Every structure is written in C-alpha cells, then in structure tokens.
Amino acid sequence: MKSLTAEQLDALQEFINIGVGRAASLLTEMVDARILLQIPTLRIYQVKHLRQELVKQFASQKFSAVRLDFSGCLNGSAELVFPTESAAALVSILTREDPNSPDLDAVKIGTLSEIGNIIINGVMGSISNLLRHQLNYKIPSYLENTIDNLLLSDYPVTDGTVFLLAQARFTIEEMEIIGDIILIFEMRSFDTLLEAIDRELEVSM
C-alpha cells in the first residue's frame, strides 16, 4: 500500500473538511439548530487494521451506518458510521423527538439516511471537484450491526483496497456527538486521487 506524504494528507483533509463544511451548512438550514461538523483526524488503513481500530474504539457496540456506492473515475463506497446510541441521540436532537419515545425508531432510518446522504455527498462532491470529474452515485442504504458484521459485508475487498478513516465531530447546540466517515477506494482509484492531489500541490507552490 502506498503511503501518503504529510503534504498529501493535509491536502486531502482540507478537501474533506470543505465538503463537510458545506454539508453542515445544509443541515443547519434543515433544522432550527446551529450545526458544526469537523474532521480533526484522517488516517489510512488496510482492512485488518481498520477493523482493529474500530473494534478498539467501539468494542462490540452496534453501529448505525449509511452507505453510498460511487463510480466513475473513482470507484468505491463511502460510509457514515455511528454507534447506535449516538445515532439515536442525533436523531432525537434533529427531530425534537423524546429520546425515550417509541416513535423514535420509526423516524431514525429516514433521518439518518438523509443526514448520511447530505454529508457523504458533500465530501464526495469536494473530492470530485478535486478530480475535475463527476461521480455517479447509487441510492444510499441503511445498515445496523456490529463492526465485524457491518464492515465490508456487502462488497468485495481485495488486498489493493485502501481505507480512509475520517473521524467526524458533530457539535449541535453545544452537544457533541462523534461519528465516523469511512471512505473506501480501490487502489487503482486511490492512485487517481493521489495524482489529483499532487496536481493541486504543484499549483499551490
């Protein structure tokens, strides 16, 4: 697996932060609450190390995840992943539903799917601007399971697959909710992304 230079990683993180910033603005317009969304850390993993990292962070907790597959000059999937308790808290804040309400589960899937779609499209839109190519998207899907059953369960992963793990911090009316955005690329596509980053770095020098 190719490693990124510090400059490449900083540039990639900047583009991802631009995307989540746009997504946060859209979410703020949707609800009567100020939403901040930041990506403080971005790391690259192979599959076994990604699984180890998420298991270390979340043990055997259940996750709620929204996944969006994309194709074009870049192929892969992007996932917005929450521990289930954080997902329920986020939905409760955004919908004003009582967290103990029996109706919360009924609105959770639709609300999280919409949130995931907005955030992932913001991130991937920023990356597609970097690539100067449009990406094609499938309809987002919602999943709920443990990390071992959820991660990589529905699509093949080869030794050449690269994983970007971006930890997102949501701040909503002084409440902080932590989620993870997992961007998944095939190595061939990842090379394309690195080439685009290098072009941007050359222009900025």
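At what angle do the axes of α1 and α6 cross, and within what distance do they come? I find that they cross at roughly 95° and come within 10 Å. I note that the model is predicted, so that local features need pLDDT of at least 70 and side-chain atom pairs count only at pLDDT 80 or more, while totals for chains, interfaces and linings use all residues. Residues are numbered from 1 along each chain as its sequence is written, and side-chain values use heavy atoms, with hydrogens and water left out.

Entry 1, α1 with α6. I took axes as lines fitted to C-alpha atoms, for helices over the stretch in contact, with angles from 0 to 180 degrees between N-to-C directions. Helices are DSSP runs of H or I with at least four residues, and strands are runs of E with at least two, numbered from the N terminus. The two helices are therefore roughly perpendicular, the term for 65 to 115 degrees. I listed the contact (heavy atoms within 4.5 Å): α1 gives Glu7, Gln8, Ala11, Leu12 and Phe15, and α6 gives Leu193, Leu194, Ile197, Asp198, Glu200 and Leu201. By class I recorded seven nonpolar, one polar and three charged residues. Here Ala, Val, Leu, Ile, Met, Phe, Trp, Tyr, Cys and Pro count as nonpolar, Asp, Glu, Lys and Arg as charged, and the others, Gly among them, as polar.

I looked up helix α4 (residues 104-131) against helix α6 (residues 187-204): their axes come within 9 Å and cross at roughly 70°. This makes α4 roughly perpendicular to α6. On the α4 side the contact is made by Ile127, Leu130 and Leu131, and on the α6 side by residues including Thr192, Leu193 and Ala196. I recorded six nonpolar, one polar and two charged residues in this contact.

Helix α1 (residues 6-30) packs against α4 at an angle of about 145°, with the axes 8 Å apart. I recorded the contact residues as 14 nonpolar, four polar and two charged.

I searched a 1 Å grid over the protein atoms alone for sets of points where a 1.4 Å probe fits but cannot get out, with lining residues having an atom within 4 Å of a point. The count is one cavity of 30 Å³ or more. The largest cavity has a volume of about 40 Å³, volume being the space filled by probe spheres set on the points, which are joined across faces, edges and corners. Its lining consists of Thr41, Arg43, Gln57, Leu165, Ala166, Gln167 and Asp180. I noted that β6 (161-172) and β1 (35-45) each supply at least two lining residues, and that β6 has the largest share, three residues.

Notes. Parallel < 35°, antiparallel > 145°, perpendicular 65-115°, else oblique. 1 Å grid on protein atoms, 1.4 Å probe; cavity = no way out; pocket = protein on both sides within 12 Å on 5 of 7 lines; lining within 4 Å.
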